[in-house]
Amino acid sequence: MGLLKDILSILDSRSFATIWFWVMLATVWTMVGRNVLGVPPDVIRRVPRDPQGPDTPEALVLLDWLSLVLPRWRLDPREGVWLLGLFAFVCSTLILLGFAYGLEMAQALVILLFPVVLKMLGGLWLASRLQVILAAAQAHRITPNEAAAAAARLMARYRTVLTHLPPLLLLTGFMLLLLWLSLSGRWL
């Protein structure tokens, strides 16, 4: 009974008590895994995994999508530094306000924005990797089928990680909370 009381006291807030927060949380976490860098999932799925033979239209469609989408993900080094600084400030402020000072709205925002932040950071990493593959295809160092197959593998792996990582991290956080409660003696 004491453990349940401690867990409920952590979640006892206006942000978490409203149904709209939980609907928004489910919507955001679902929408995060929908597409990869703006490329629809069916375009990625249609790319043949075997890069042998002539160039397929599906491979060319994926490379065309990438050539249109990837320039939006490029960052100048100066932009990256400013963006990282602003991002670190906002995230650390929300985490500090939420979990050190117990502000419930900040806790809710951290939980709500976590998958979005994860997707943004992963998207920047993936875009830099895909830019190398696209440049190699444009320079004719690899065939379009090979480039599309490599890009599709990376994008499928990214989508799998993005779909499964937030719930696993949430479960890990919950387990750490239970461990902390048991070690601090509050669950007795």
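Start with glutamine 107, which sits in helix H7. Keep in mind that this is a predicted model. Is glutamine 107 buried or exposed? Buried: its relative accessible area is 12%, and the cut-off for buried is under 20%. What does its side chain reach? The backbone oxygen of glycine 98, at 2.7 Å.

Now the helices. Two packed helices are described by the angle between their axes and the distance between those axes.

Take H6 first, residues 77-100. The axes of H6 and H7 come within 9 Å and cross at roughly 150 degrees. Angles over 145 degrees count as roughly antiparallel, so H6 and H7 are roughly antiparallel to each other. The crossing of H6 past H7 is left-handed. Who meets whom? From H6 we have Phe87, Cys91, Leu94, Ile95, Leu97, Gly98 and Phe99. From H7 come Ala106, Gln107, Leu109, Val110, Leu113, Val117, Met120 and Leu121. By class, that contact has 13 nonpolar residues, two polar and no charged.

Next, H3, residues 19-32. H3 packs with H7, residues 104-138, at an angle of about 10 degrees. Their axes are 9 Å apart. Under 35 degrees counts as roughly parallel, so H3 and H7 are roughly parallel to each other. H3 brings Phe21, Met24, Leu25, Val28, Trp29, Met31 and Val32 to the contact. H7 brings Ala108, Ile111, Leu112, Phe114, Pro115, Val116 and Lys119. The contact of H3 with H7 divides into 13 nonpolar residues, no polar and one charged.

Key:
Residues numbered from 1 in each chain as written. Predicted model: local features only at pLDDT ≥ 70, side-chain atom pairs only at ≥ 80, totals over all residues. Heavy atoms only, no water. Axes fitted to C-alpha atoms, helices over the stretch in contact; angles between N-to-C directions. Helix = DSSP H or I, 4+ residues; strand = E, 2+ residues; numbered from the N terminus. Parallel < 35°, antiparallel > 145°, perpendicular 65-115°, else oblique. Contact = heavy atoms within 4.5 Å. Nonpolar A, V, L, I, M, F, W, Y, C, P; charged D, E, K, R; others polar. Left-handed = near helix turned anticlockwise from the far one by under 90°. Buried < 20%, exposed > 50% of the residue type's maximum accessible area, 1.4 Å probe, protein only. Polar contact = N/O pair within 3.5 Å; in protein donor to acceptor, adjacent residues only side chain to side chain.
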